[in-house]
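I opened the notebook to go through this structure site by site. The entries follow the order in which I looked things up.

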Amino acid sequence: MIPALHIVGSGPAGLAAAHAAVMAGAQVCLIDDNRAAGGQVWRGGPGAWNAPAADALWAALREHPGFTHVRDTRVVGAVDARTLLLEGDTGGACMPFERLLLCTGAREFLVPFPGWTLPGVTGAGGLQALVKGGMPVRGRRIVVAGSGPLLLASAATALAAGAQVLAIVEHQPRAALARFGLGLALRHHGKLHQALQLFARLRGVPYLTDALVVEAKGDEVLQTVVVETARGRTEYDCDFLAAGFGLLPNTELGQAFGCAIDAGALAVDERQQTTVPHIWAAGECTGVGGVDQARSEGRVAALCALGLAPSRADLRALRQSHHFAALLARHFAPRPALRALCRPGTIVCRCEDVTAAELMPWRDWREAKLATRVGMGPCQGSTCAAACALLFGWEPPAARIPILPANAGALASIE
Ligand SMILES: Cc1cc2nc3c(=O)[nH]c(=O)nc-3n(C[C@H](O)[C@H](O)[C@H](O)COP(=O)(O)OP(=O)(O)OC[C@H]3O[C@@H](n4cnc5c(N)ncnc54)[C@H](O)[C@@H]3O)c2cc1C
């Protein structure tokens, strides 16, 4: 008999996994905190995405008798080794499972710099998500900054929505980008094609390399962005700054179940199995690699979780996607120069208004937390812990339950 599979996260990894599992005859329960399936890249759900791959997965899933979609529901922790703690609109619940597949994705890596907490400053993907969610940007002036391919996607989304993109400010030097492009040309023609298409859509928008946004200025809201390149400093008057320096895997739920971490991501073997035998993981929670990696890993993880063998084609696609992930990691790794962006007076923990100067005297995250309340606000350190790792070399804190802010009613449902 095919076992049942619970999947957390309905992005490309979760959808590909759910599809593979129901097609294999399993009962699948897919849980996600959004109203619509799709995760980050297919944000907005079936009516909004423009992705034939997503359409195909969803068309096969939505009416399938073996498929249950639990939406608007956050998994806030582990009750015991085989029970999820959920929080939804109607309160909390405990959900037992036999086999679990984590497809919890990634979040943006935000580096503190003067003015980054001003209204008008968002992450690069954050701005894209707001625009896809309907925020009007027609005629608004936008600077997109940070590092990685997401800058291009975010700028293209804003441009298509009528915004004026003043500049894309890429932190990596031209040589690193050229090597990345060569890597795409040698082995990832589809990705190269996508990148060239994005550049074509962004024709006319200045693409600055080896460049950094060093300050966001404004009285009450963002008014000006200061950008530094080898040629000096330039100021851009703008309405929005979208600044993101890459992605960080969402590992907290896996950690809550005792899964080991490797290089900041959930550690998995070649079958996508974590170090906890009844838990598998796929997509960007196991390492940043984009939508194709998420889909390949999701499919392989689901089949392996059900005790089935992935096909040769599945394994080939997986290897190809991992090669792309390695290219990304090699050419878009955060550079030490980023540390200099944060000055002593810069806020690092924006929930609790803790500055870099207040954090400097402490030896580690725990000492700093006790003394300054860093990481004790609503985001529970999901943004500032990574910033502190970059700035001070502190080991990020272990995940604690609830992994996301939860109301007392949800916690009371633990029997
Ligand atoms: C803001 C942002 C924008 C991006 N935009 C693009 C883009 O335009 N193009 C591109 O190629 N890539 C983009 N990416 C990269 C993108 O993450 C991957 O390409 C792809 O979406 C990864 O798929 P995934 O299934 O691993 O994770 P995701 O798509 O991130 O899906 C994970 C899902 O799990 C849910 N989830 C996580 N934790 C829980 C929990 N505890 N309880 C319930 N639900 C949970 C999340 O809400 C999400 O729906 C973006 C990333 C981010 C962070």
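**Cavity, pockets, ligand, backbone**

I began with the lining of the largest cavity and sorted its residues by class: seven are nonpolar, two are polar and one is charged. The model is a predicted one, and I kept that in mind throughout.

Next I wrote down who the lining residues are. The largest cavity is lined by Leu110, Val111, Phe113, Trp116, Val121, Thr122, Gly123, Ala243, Phe245 and Arg350. I looked up the volume of the largest cavity and got about 70 Å³. How many cavities of 30 Å³ or more does a search of the whole structure find? I counted one.

**Second largest pocket**

I moved on to the second largest pocket, with a volume of about 220 Å³. Its lining consists of Ala16, His19, Leu57, Asp292, Arg295, Ser296, Arg299, Val300, Asp314 and Ala317. By class I noted four nonpolar, two polar and four charged residues in the lining of the second largest pocket.

**Ligand site**

I turned to the ligand. I found 30 residues around the ligand, and the closest are Asp32, Asp33, Gln40, Gln128 and Glu284.

I checked individual contacts. Gln40 places a polar backbone atom 2.9 Å from an oxygen atom of the ligand. For Val75, I read 2.9 Å between a backbone N or O atom and a nitrogen atom of the ligand. Gln128 uses its side chain: a polar atom there is 2.8 Å from an oxygen atom of the ligand.

I then looked at how much of the ligand is covered. The ligand taken alone exposes 960 Å², and the protein buries 89% of that.

Which elements give two or more residues to the shell around the ligand? I listed α1 (12-23), β4 (74-80), α3 (124-132), α4 (150-160) and α8 (290-305). The largest share of this shell is from α8, at three residues.

Where does the ligand lie relative to the domains? Residues of the shell come from both domain 1 (5-107 + 248-330) and domain 2 (112-244), so the ligand lies between the two.

**Backbone checks**

I finished with the backbone. As background, most peptide bonds are trans, and most residues other than glycine have a negative phi. I looked for departures from that.

I noted a cis peptide bond between Ile401 and Pro402, with omega about 0 degrees. I placed Pro402 in the loop between α12 (384-392) and α13 (408-412).

I then looked at phi. Asp72 is not a glycine, yet its phi is positive, near 55 degrees. Asp72 sits in the loop between β3 (67-70) and β4. Asp353, also not a glycine, has a positive phi of about 55 degrees. I located Asp353 in the loop between β21 (347-349) and β22 (354-355).

Methods: Residues are numbered from 1 along each chain as its sequence is written. This is a predicted model: local features need pLDDT of at least 70, side-chain atom pairs count only at pLDDT 80 or more; totals for chains, interfaces and linings use all residues. Side-chain values use heavy atoms; hydrogens and water are left out. A residue is near a molecule or strand if one of its heavy atoms lies within 4 Å of it. A polar contact is a pair of N or O atoms within 3.5 Å; within protein, one must be able to donate a hydrogen and the other to accept it, and residues adjacent in sequence count only if both atoms are side-chain atoms. Accessible areas come from the Shrake-Rupley method with a 1.4 Å probe; for residues, only the protein chains shown count as cover. Helices (H or I, at least four residues) and strands (E, at least two) are DSSP runs, numbered from the N terminus. Domain bounds come from an automatic or database domain assignment. On a 1 Å grid over the protein atoms alone, a cavity is a set of points where a 1.4 Å probe fits but cannot get out, and a pocket is an open set with protein on both sides within 12 Å along at least five of seven lines; lining residues have an atom within 4 Å of a point. Grid points are joined across faces, edges and corners, and a volume is the space filled by probe spheres set on the points. Ala, Val, Leu, Ile, Met, Phe, Trp, Tyr, Cys and Pro count as nonpolar, Asp, Glu, Lys and Arg as charged, and the others, Gly among them, as polar.
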